[in-house]
Amino acid sequence: MSSEHAPPSGLRVAFVAGVAPGKWFHRWEERFPDVPLSSEMVDDAQQLAVIRDGRADVAFVRLPVDRDGLHIIPLYDELPVVVAPKGHEIQAFDEVPLAEIEDQLFEYDGGPSERLDLVEGGAGLAILPMSVVRHFNRKELSYRPVTGVPEYAVGIAWLRENESDEIQEFIGVVRGRSASSSRQTSVQKDEQEAAKQRRVDRAASQSAEARARNDASRAAKSARSGRGAGKPGKPGGKGRRPGAGRRRPR
């Protein structure tokens, strides 16, 4: 962000388990070292609540979600895996069809950590994003890719009513825009300021040129007026009418 603008207060970012936002945080710190960024990992059930209640400015969320009042940009897809206790028969396969394990799945609406607790406790099998299973890294569990289910999607979300410069800059960082990209908010503002200054300079230049032309025109008129003084007749004298002084014939 341009140093000519007021310094922003900071940015608060939430993310669900399995998302690894470190690379984006690192780019932010390199690009905006004076703009503090705080982060918090939240359960999937809280991924939108933290935005709506003001605890976070933006959030990396697992899709699909209720889009009401939100901007949402999908970022990437995640591989689904089936998770089982160590020694389960899924370990004999490279990937497992959903039909083979569907009757062993259990229903649970809680967070991923609690679901893994239930798998470890023998409640059954669970299907989760691979990134989530790797994040928690339970030594007593094993997992395999599962076919026949859609991939999980990750996106970034923020309130439609919140269009702060900090959020727009962060979205640009996440989407891979360079610091000099014309789509970055700070670059757009700098370009607008530069364009405004060019207009001011151009107007001043045109005004100076107009004054110079007017001065030259007045000088030329004055010179022509001086050369024409005293005519017709002798210089400095009054002119005589043609035929003046001749006597009329009687």
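I started with R218 and D215, whose side chains meet in a salt bridge at 2.4 Å, N to O. My cut-off for a salt bridge is a side-chain nitrogen of Lys or Arg within 4 Å of a carboxyl oxygen of Asp or Glu. R218 and D215 are three residues apart in helix α7 (residues 185–227), so about one helical turn separates them. Helices here are DSSP runs of H or I with at least four residues, strands are runs of E with at least two, and both are numbered from the N terminus.

Next I checked accessibility for this pair. R218 has 52% relative accessibility and counts as exposed, while D215, at 43%, counts as partly exposed.

**Ground rules**

This is a predicted model, so I keep in mind that local features need pLDDT of at least 70 and side-chain atom pairs count only at pLDDT 80 or more, while totals for chains, interfaces and linings use all residues. Residues are numbered from 1 along each chain as its sequence is written, and side-chain values use heavy atoms, with hydrogens and water left out.

Side chains of opposite charge can pair when their charged atoms come close. Which residues does R62 meet? One partner is D44, in a salt bridge of 3.5 Å, N to O. R62 sits in strand β3 (residues 58–63) and D44 in the loop between β2 (37–42) and α2 (49–52), so to speak distant parts of the chain, 18 residues apart. Another partner of R62 is E78, at 2.9 Å, N to O. That pair also links distant parts of the chain, with E78 in strand β4 (residues 70–78), 16 residues from R62.

R62 is buried at 6% relative accessibility, E78 is buried at 5%, and D44 is partly exposed at 28%. Shared partners join D44, R62 and E78 into one salt-bridge network.

**Aromatic rings**

I then listed the aromatic pairs and found five. Rings of Phe, Tyr and Trp (its six-membered ring) pair if their centres lie within 6.5 Å; planes under 30 degrees apart count as stacked, over 60 as edge-to-face and the rest as tilted. How do W24 and F60 pair: stacked or edge-to-face? Their ring centres are 4.9 Å apart and their planes make 10 degrees, so the pair is stacked. W24 lies in helix α1 (residues 22–31) and F60 in strand β3, so the pair ties together parts 36 residues apart in sequence. Both are buried: W24 has 6% relative accessibility and F60 has a relative accessible area of 1%. I also noted a cluster in which ring pairs link W24, F25, W28, F32, F60 and F170.

**The four-stranded sheet**

I traced an open sheet of four strands in the order β6-β8-β5-β7, with mixed pairing. β6 (96–97) and β7 (126–129) are at the edges with a single partner strand each, so one side of each has no neighbour in the sheet. Two strands pair if DSSP finds at least two bridges between them.

Strand β5 (residues 80–85) pairs with strand β8 (residues 141–147) in the antiparallel sense over five bridges. Within that pairing, V83 has Y143 of β8 as its bridge partner, and A84 has S142. β5 and β7 also run antiparallel, joined by four bridges; there, P80 has P129 of β7 as its bridge partner. Five of the six residues of β5 are buried, so β5 is largely enclosed by the rest of the structure.

**Whole-chain totals**

Overall I count seven helices and nine strands. Of the 250 residues, 34% count as buried. Taking a contact as heavy atoms within 4.5 Å, I find that 69% of contacts between residues at least 6 apart in sequence join residues at least 24 apart. The accessible surface comes to about 15,900 Å², 48% of it belonging to carbon and sulfur atoms; I note that these areas come from the Shrake-Rupley method with a 1.4 Å probe, and for residues only the protein chains shown count as cover.

Notes
Buried means under 20% relative accessible area, exposed over 50%, partly exposed in between (1.4 Å probe, protein chains only).
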